[in-house]
Amino acid sequence: MTDAPEERPRPADLWRRRGVRGLTIARDVSVRGWRWWARTWDRLVAALQDEAPVGAGAGPSPPGPLVEQRDAPRLIAVPARGYVYAFYVRATFAWSSPASLRAEVLSWYVQYFEPNAIQRLTRLAADAARDLPPHRAGDLEVALQRALADEPEWRYQRGDVIITCRPDATVRLDERIMPALRPHVDRMVKLEYQFDEQLRRATYAEELSRRWTAILGDHLDADADQEVADARQHLLDAQREAARWIGELLHLRATKS
């Protein structure tokens with residue numbers, strides 16, 4: 001006697017089983033995905049609150065506030081007087097926070113506030129450059145540094161987080177104006193060298209006259225030769241002339257600087 005053949009499942013039952021199995025797999029995948037997302041979200045929140053992520057084994061934050069120094073991504077161009085040439089400002093910002101933030105959190109806030117700081121520095125530079133001729137980059141840098149010294153620390157806030165910024169700036173000439181300035185600068189260098197040479201000679205003459213006057217004064221008495229007295233007087237006159245020469249040179253430098 002043979003066994004009865006196993007009853008094959010009906011098509012409806014087969015599709016029902018496959019549907020249940022698919023829903024079960026989808027549920028398990030969804031649960032695992034939700035758990036991963038929950039863990040990731042907890043770690044993100046902990047990082048923003050400067051707490052060590054659970055199970056990450058992160059070390060303690062370094063003592064004191066972090067400082068991130070960052071250069072502006074490009075030179076800041078501001079027009080000089082006449083709006084033909086420009087000055088170019090190289091900006092550097094030192095960012096920090098009174099709160100103890102992680103480096104990656106501070107970097108995020110720096111990225112967020114950096115456009116505001118660049119815009120503010122651009123306004124300061126533009127106001128200072130508006131009345132300056134295009135060859136006076138040094139004067140613009142001095143004026144800009146003075147303006148930054150009046151308010152050395154800028155504050156930005158987002159929510160409860162406060163970020164401070166200490167800006168610094170240097171100024172460069174427009175390269176298009178350099179060929180026109182080069183002959184003038186070369187002449188000024190030559191004149192400066194000649195001035196230094198004359199000042200050195202005048203100082204040497206004054207010092208030499210003083211020494212010889214002191215030497216002759218030690219040998220000058222009632223019986224001294226008239227030639228010694230005349231020589232001493234001549235050296236005194238030379239010393240006064242050298243001192244006057246030095247004074248004129250220094251005054252000339254002060255009026256031209």
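Is Trp-212 buried, exposed or partly exposed? I found Trp-212 partly exposed, at a relative accessible area of 43% (buried is under 20%, exposed over 50%, partly exposed in between, with a 1.4 Å probe and protein chains only).

I noted that the model is predicted, that local features need pLDDT of at least 70 and side-chain atom pairs 80 or more, and that totals for chains, interfaces and linings use all residues. Residues are numbered from 1 along each chain as its sequence is written, and side-chain values use heavy atoms, without hydrogens and water.

**Helix α4**

I placed Trp-212 in helix α4, residues 178-218 (a DSSP run of H or I, at least four residues; strands are runs of E, at least two).

**Strand β3**

I located Thr-92 in strand β3, residues 86-96. Its side chain makes a polar contact of 2.8 Å with that of Asp-71 (N or O atoms within 3.5 Å, one able to donate a hydrogen and the other to accept it; residues adjacent in sequence count only if both atoms are side-chain atoms). Leaving out residues up to four places away in sequence, I listed the residues that Thr-92 touches, among them Arg-166, Pro-167 and Asp-168 (heavy atoms within 4.5 Å).

**Aromatic rings**

I looked up 7 aromatic pairs (ring centres of Phe, Tyr and Trp, its six-membered ring, within 6.5 Å; planes under 30 degrees apart are stacked, over 60 edge-to-face, the rest tilted). Trp-108 and Tyr-109 pair edge-to-face, at 5.0 Å centre to centre and 90° between the planes. Trp-108 is partly exposed at 45%, whereas Tyr-109 is buried at 10%.
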